[in-house]
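I opened my notebook beside the model and went through it one region at a time. Here is what I looked up, in the order I looked.

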Amino acid sequence: MSIAMTESKSPPHWRHFLALEEDLAGTVRYIEFAEDNFDTYSVEFTSLLLSACSEVDVVCKLLCKKLDKKSKASNIGHYASKLSSKYPSLGNFEVEIPRFGLKFQPWKNWSGKSRKSPLWWASHNKVKHNRDDHFGEANLHNVLNSLAGLYVVTLYLYKTMAEHAELGPTPLLFRPGGDHFSGVTHMDTEVLINYSFDS
């Protein structure tokens, strides 16, 4: 299988995630992905945060409908209840950016019984509705977490493909933490990840 073939078979929401990730990767030329820079904010990060969270909303809604065709889940609270019940490992799913030694648990607030909205989601709402007062929350830390969050829910949306190393191309930056990494599969010139899920 060639890279071109893999891309042509990539499902649409995976391609959307990869496009946003590519935009994020482009910002590395100007801002190092390091904790010292987590509070750095910009117009570009605003665009990425709003786009990533908009897609999170779409993917979560689709995932709820995949679990229950009659689902009317339409907000982050509904998604938290439905998805964390079905996928208890989702809240603990760790995402790494090995190139910069960074690790995130974007859905950590969904673990346990509280199931609160992630902090990056709350920041997104503030930026979306009150940007004059909350422009600073469109920062690197929230953007990295929102893209990591999108990565995770998109993997769950295409869970079967992810488990069988059929979800390609491989992301530029993001990788699953050790609990969800099950090796790689070589497909001609491309290396695809085998993801593992405990539910």
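**Entry 1: the start of helix 4**

I am working with a predicted model. I began at the start of helix 4, where a side-chain oxygen of Asn-75 comes to within 3.0 Å of the backbone nitrogen of Gly-77.

Next I asked which residues of helix 4 are buried. In this helix, residues 76-86, I found Ile-76, Tyr-79, Ala-80, Leu-83 and Ser-84 buried. They sit on the same side of helix 4, because they cover an arc of only 105° around the axis. I kept the general rule beside this: an α-helix has 3.6 residues a turn, so residues three or four places apart point the same way.

What do the buried residues of helix 4 pack against? I found helix 3 (43-67) and helix 5 (119-129) there.

**Entry 2: Ser-84**

I then picked out Ser-84, which is in helix 4. Its relative accessibility is 7%, and the cut-off for buried is under 20%, so Ser-84 counts as buried.

I looked at what the Ser-84 side chain reaches. Setting aside neighbours within four places in sequence, I listed Tyr-79, Trp-110 and Arg-115 as the contacts of Ser-84.

**Entry 3: helix 5**

I moved on to helix 5 and noted Trp-120, Trp-121, Ser-123, His-124 and Val-127 as buried. These residues are on the same side of helix 5, since their arc around the axis is only 160°. On the face turned away from that buried side I found the exposed residues Leu-119 and His-129.

What covers the buried residues of helix 5? My list includes helix 3, helix 4, helix 6 and helix 7.

**Entry 4: salt bridges**

How many salt bridges does the structure hold? I noted 2. As a reminder to myself, side chains of opposite charge can pair when their charged atoms come close.

One is between Glu-137 and Lys-126, with the closest N and O atoms 3.6 Å apart. Glu-137 is in the loop between helix 6 (131-134) and helix 7 (140-157), while Lys-126 is in helix 5, so the pair ties together parts that are 11 residues apart in sequence. Lys-126 is partly exposed, at a relative accessible area of 35%.

Another joins Glu-163 to Lys-159, and here the closest N and O atoms are 3.3 Å apart. Both residues lie in helix 8 (residues 159-163), 4 residues apart, which is about one turn of the helix. Are Lys-159 and Glu-163 buried or partly exposed? I noted Lys-159 as buried, with a relative accessible area of 17%, and Glu-163 as partly exposed, at 27% relative accessibility.

I found 3 strands forming an open sheet in the order 2-1-3, with antiparallel pairing. Strand 2 (102-104) and strand 3 (175-176) are at the edges with a single partner strand each, so one side of each has no neighbour in the sheet.

Strand 1 (residues 95-97) pairs with strand 3 over 2 bridges, in the antiparallel sense. I followed Val-95 across and found its bridge partner in strand 3, Pro-176. Helix 7 lies across strand 1, strand 2 and strand 3, and runs at about 60° to strand 2.

**Entry 5: the hairpin**

I looked next at strand 4 (residues 181-187) and strand 5 (residues 190-195), which run antiparallel and are joined by 5 bridges. Met-187 has Glu-190 of strand 5 as its bridge partner. The hairpin of these strands has 2 residues between them, and Asp-188 there takes a positive phi near 55°.

**Entry 6: Tyr-156**

My last stop was Tyr-156, found in helix 7. Tyr-156 is buried, with a relative accessible area of 0%.

Which residues does Tyr-156 touch, not counting those up to four places away in sequence? I wrote down Leu-63, Lys-66, Tyr-87, Ser-89, Leu-90, Phe-93, His-180 and Phe-197.

Methods
Residues numbered from 1 in each chain as written. Predicted model: local features only at pLDDT ≥ 70, side-chain atom pairs only at ≥ 80, totals over all residues. Heavy atoms only, no water. Buried < 20%, exposed > 50% of the residue type's maximum accessible area, 1.4 Å probe, protein only. Arc of directions from axis to C-beta. Contact = heavy atoms within 4.5 Å. Polar contact = N/O pair within 3.5 Å; in protein donor to acceptor, adjacent residues only side chain to side chain. Salt bridge = Lys/Arg side-chain N within 4 Å of Asp/Glu carboxyl O. Pairing = 2+ DSSP bridges. Axes fitted to C-alpha atoms, helices over the stretch in contact; angles between N-to-C directions.
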